[in-house]
Amino acid sequence: MESRRQIGRKAWSNHKVKALVSAICLSILFIVDRVTKLYALEHFSFEHVINPFLSFELVFNRGVSWGLFHGSSTLGFMLLTAVILVGTLVFSREAYKKARQGENVIGELLIITGSVSNILDRVLYNGVIDFIVVHYGAWSWPVFNIADAGIVLGVGSMIIQLIKQHNATI
């Protein structure tokens with residue numbers, strides 16, 4: 001029979017492995033997003049059609065998701081960027097609290113990683129670099145990037161986690 005100390009060590013070791021794997025995956029997401037954005041800056045100044053559903057075209061989004069709050073005002077852009085930065089910091093703090101309590105925070109980490117990369121774009125390029133266009137005929141999804149996809153996956157992960165928690169309490 002294992003002692004409490006041995007069980008504690010195994011749990012801590014398991015926690016460290018999960019943290020390391022998460023850090024590696026999030027680093028890959030961040031790096032892939034940065035590299036693809038640099039590639040888009042160099043190669044997608046005009047539309048590149050891949051197939052009837054996918055094309056690449058460089059867009060600088062000064063707003064938020066789907067171009068909401070997009071404007072040409074520098075002050076408005078700076079205020080929106082400050083709000084996004086503060087929101088990301090508050091969200092990060094809450095994710096840290098959840099992680100310290102042993103809760104799964106992979107969804108939160110995906111959102112934070114994507115947000116940090118997009119904030120970096122705002123600082124470096126005066127707008128978020130978007131370049132992936134999904135479309136069919138006249139219909140088109142708003143232009144996005146890899147960080148945005150990470151954010152959407154993070155939100156989806158959090159929703160699934162909430163549904164599982166809700167079902168577990170029923």
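**Salt bridges, burial and strands**

Mentor: A search of the whole structure finds five salt bridges, a salt bridge being a side-chain nitrogen of Lys or Arg within 4 Å of a carboxyl oxygen of Asp or Glu. This is a predicted model, in which local features need pLDDT of at least 70 and side-chain atom pairs count only at pLDDT 80 or more, while totals for chains, interfaces and linings use all residues. Residues are numbered from 1 along each chain as its sequence is written, and side-chain values use heavy atoms, with hydrogens and water left out.

Trainee: What makes the contact of Asp121 and Arg34 a salt bridge?

Mentor: The N to O distance between their side chains is 2.6 Å, and the limit is 4 Å, so the pair qualifies. Asp121 lies in helix α3 and Arg34 in helix α1 (residues 4-43), so the pair ties together parts that are 87 residues apart in sequence; helices here are DSSP runs of H or I with at least four residues, strands are runs of E with at least two, and both are numbered from the N terminus.

Trainee: Why are Asp121 and Arg34 called buried?

Mentor: Buried means under 20% relative accessible area, exposed over 50%, and partly exposed in between, with a 1.4 Å probe and protein chains only. Asp121 has 0% and is therefore buried, and Arg34, at 12%, is buried too.

Trainee: Which salt bridge does Lys37 form, and which residues are linked in the network?

Mentor: Lys37 forms a salt bridge with Asp121, their closest N and O atoms being 2.7 Å apart. That pair links distant parts of the chain, with Lys37 in helix α1 and Asp121 in helix α3, 84 residues apart. Asp33, Arg34, Lys37 and Asp121 are linked in a network of salt bridges.

Trainee: How do Lys98 and Glu108 stand against the burial cut-offs?

Mentor: Lys98, at 24% relative accessibility, counts as partly exposed, whereas Glu108, at 3%, counts as buried. These two residues form a salt bridge in which the closest N and O atoms are 2.6 Å apart. Lys98 lies in helix α2 (residues 74-100) and Glu108 in helix α3, so the pair ties together parts that are ten residues apart in sequence.

Trainee: How do you know that Asp148 has no salt bridge?

Mentor: Asp148 is buried in helix α4, and the nearest side chain of opposite charge, that of Lys37, is 6.4 Å away; the limit is 4 Å, so no salt bridge is assigned. For opposite charge, Lys and Arg count as positive and Asp and Glu as negative, while His and the chain ends are not counted.

Trainee: What makes β2 and β3 paired strands?

Mentor: Strands pair if DSSP finds at least two bridges between them. Strand β2 (residues 54-61) and β3 have six bridges, in the antiparallel sense, and Phe60 stands opposite Ile129 in β3. β3 and β4 pair in the antiparallel sense over two bridges, and the bridge partner of His135 is Ser140 in β4.

Trainee: What sets the phi of Asn126 apart?

Mentor: Most residues other than glycine have a negative phi. The phi of Asn126 is near 60°, a positive value in a residue other than glycine. Asn126 lies in the loop between α3 (106-125) and β3, and its relative accessibility of 42% makes it partly exposed.
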